[in-house]
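Open the model in your viewer and keep the selection panel at hand. The tour goes from stop to stop.

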Amino acid sequence: STDPSKPGPNESIARVLDQLSIINKGDEWRERGYSKAAAALRNCPYPVTTHSEARELYGIGERIASKIVEVIQTGTHRRLSMSTNYEKIISVFSNIYGVGRSLAEIFYDKGARTLHDLKAKPELYNVREPQMLGLKYYDDLLQRIPRDEVTRLFEYARAAAAKIDPKLEVHCMGSYRRGAMSCGDIDLLVTRDPSDGKDHTGMIAQLWDMLKEEKIIAHELTSSDDWNALDAKYNALCSLPQPGSLMRRLDILGVPFDELPACLIYFTGDDHFNRSMRLKARHLGYRLNQRGLYKDVTRGRDGTKLTEGSKVLCKTEKDIFKLLSVPWRPPEQRRC
Ligand code: DCP
Ligand code: MG
Ligand code: MN
């Protein structure tokens, strides 16, 4: 099928690379290499079948291209089939939403070996609420979300926002803004231009309540202490209101309007691109984070920050690229 909303033709290879990335957690270079390669494969609209086709993709080097060929030929990779039972179990546990490698190891050390063990005796293994949801929707949450479904969920959020205040802005960020055909979650940014004297205080909480009423948001995971803060942050599980829809992860981030340019860069990613932008800023004596670009930051000899510096006024993402002498890159090209 050529439907762009469906997961791409290299999805199964990308998944094996995801697994390799998880297995290599802690070995930052390998972990990142595999996740970059998985992303490159997901962005490739045609099926990759040979070493040279793999090599042509951005971010895939000699070594990973060979692995990809091996995955294509054997359906899995030697490192995976040889991986010990321990590694397999840790990998299954690490795939539970809200469980990192260290918690997976704790579950193992306490004697859990299967997802069923954790579900059957949550008290024994000290499984908490968010992880219980992760267990309940384990299969759903491992599925990528077709772009078209993200669009529909985004439309619900936009329609709700328009009812709250016509000037309330909702942007769909992350891999979606980068043009991905499928996304790991839905990332929404909420802000409002306060030049008419009104900001979005309290509006994210209203949006949240509306989406709960519409049965889009099914489970709240975490939220900020201050629901009314301009930078309130929420995590939830959501789904389309139609029966049979899969449960998806939703991130909502409120942003003070003056922080929008830096936050657009941050929340668009990808994380490798963000890291390179921050490094570039550092080399030029600036500091870039999700709140803004700062100048005159003084650092000690070991690189630790001595003063915060002062915020540089930026009205758009392009301003920040310009100040950092980085040629403009539209979101679709923000991959390193
Ligand atoms: N981000 C970051 N560093 C992190 C986590 C996130 O810079 N450790 C930024 C870049 C990401 C964006 O936030 O692109 C959204 O985070 P996601 O984890 O949702 O990642 P993506 O949306 O890029 O990919 P996915 O499709 O897997 O959700
Ligand atoms: Mg995302
Ligand atoms: Mn996210």
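Buried means under 20% relative accessible area, exposed means over 50%, and partly exposed lies in between, with a 1.4 Å probe and protein chains only. This is a predicted model: local features need pLDDT of at least 70, side-chain atom pairs count only at pLDDT 80 or more, and totals for chains, interfaces and linings use all residues. Residues are numbered from 1 along each chain as its sequence is written, chains are lettered from A and ligands numbered from 1 in the order in which they are written, and side-chain values use heavy atoms, with hydrogens and water left out.

**Stop 1**

Select Asp-18 and Arg-42. They form a salt bridge, with the closest N and O atoms 2.8 Å apart. The term stands for a side-chain nitrogen of Lys or Arg within 4 Å of a carboxyl oxygen of Asp or Glu. This pair links distant parts of the chain: Asp-18 sits in helix α1 (residues 11–23) and Arg-42 in helix α2 (residues 28–43), 24 residues apart. Helices (H or I, at least four residues) and strands (E, at least two) are DSSP runs, numbered from the N terminus. Buried or partly exposed: which is Arg-42? Arg-42 is buried, because its relative accessible area is 11%. Asp-18 counts as partly exposed, because its relative accessibility is 26%.

Now move to Asn-24, in the loop between α1 and α2. Its relative accessibility is 8%, so Asn-24 counts as buried. The side chain of Asn-24 reaches the backbone oxygen of Leu-20 at 2.8 Å. That is a polar contact: a pair of N or O atoms within 3.5 Å; within protein, one must be able to donate a hydrogen and the other to accept it, and residues adjacent in sequence count only if both atoms are side-chain atoms.

Select Arg-30 and Asp-27 next. Their salt bridge has its closest N and O atoms 3.1 Å apart. Arg-30 is partly exposed at 32% relative accessible area. Asp-27 is partly exposed too, at 29%.

**Stop 2: a loop-to-loop bridge**

Select Asp-231 and Arg-291. In this salt bridge the closest N and O atoms are 2.6 Å apart. Asp-231 lies in the loop between β5 (217–223) and β6 (233–238), and Arg-291 in the loop between β8 (287–288) and β9 (293–295), so the pair ties together parts that are 60 residues apart in sequence. Asp-231 is partly exposed, with a relative accessible area of 30%. Arg-291 is partly exposed at 31%.

Then select Asp-165, Lys-167, Arg-192, Asp-196 and Lys-198. Salt bridges that share partners join these residues into one network. How many salt bridges does a search of the whole structure find? The search finds 20.

**Stop 3: the metals**

Show ligand 2, a magnesium ion. Its protein donors are Asp-185 (OD) and Asp-187 (OD), lying 1.9 to 2.1 Å from the ion. Donors are N, O and S atoms within 2.8 Å of the metal (3.2 Å for Na, K and Ca); water is not among the atoms, so sites may look incomplete. Asp-185 and Asp-187 are buried.

**Stop 4: ligand 1**

Show ligand 1 and the 15 residues around it; Ser-175, Arg-178, Gly-184, Asp-185 and Asn-274 come nearest. A residue is near if one of its heavy atoms lies within 4 Å. Now look for oxygen atoms of the ligand. A polar side-chain atom of Asp-185 lies 2.7 Å from one. For Asp-187 the distance is 2.9 Å. For Asn-274 it is 2.8 Å. The protein covers 66% of the 550 Å² of accessible area that ligand 1 has on its own. Accessible areas come from the Shrake-Rupley method with a 1.4 Å probe; for residues, only the protein chains shown count as cover.

Color the helices next. α13 (174–177), α15 (260–268) and α16 (271–283) each supply at least two residues of the shell around ligand 1. α15 gives the most, with 3 residues.

**Stop 5**

Select Ser-94 in helix α6 (residues 85–94). The relative accessibility of Ser-94 is 9%, so it counts as buried. A polar atom of its side chain lies 2.7 Å from the backbone oxygen of Ile-90.

Finish at Ala-120, in helix α8 (residues 115–120). Ala-120 is partly exposed, with a relative accessible area of 47%.
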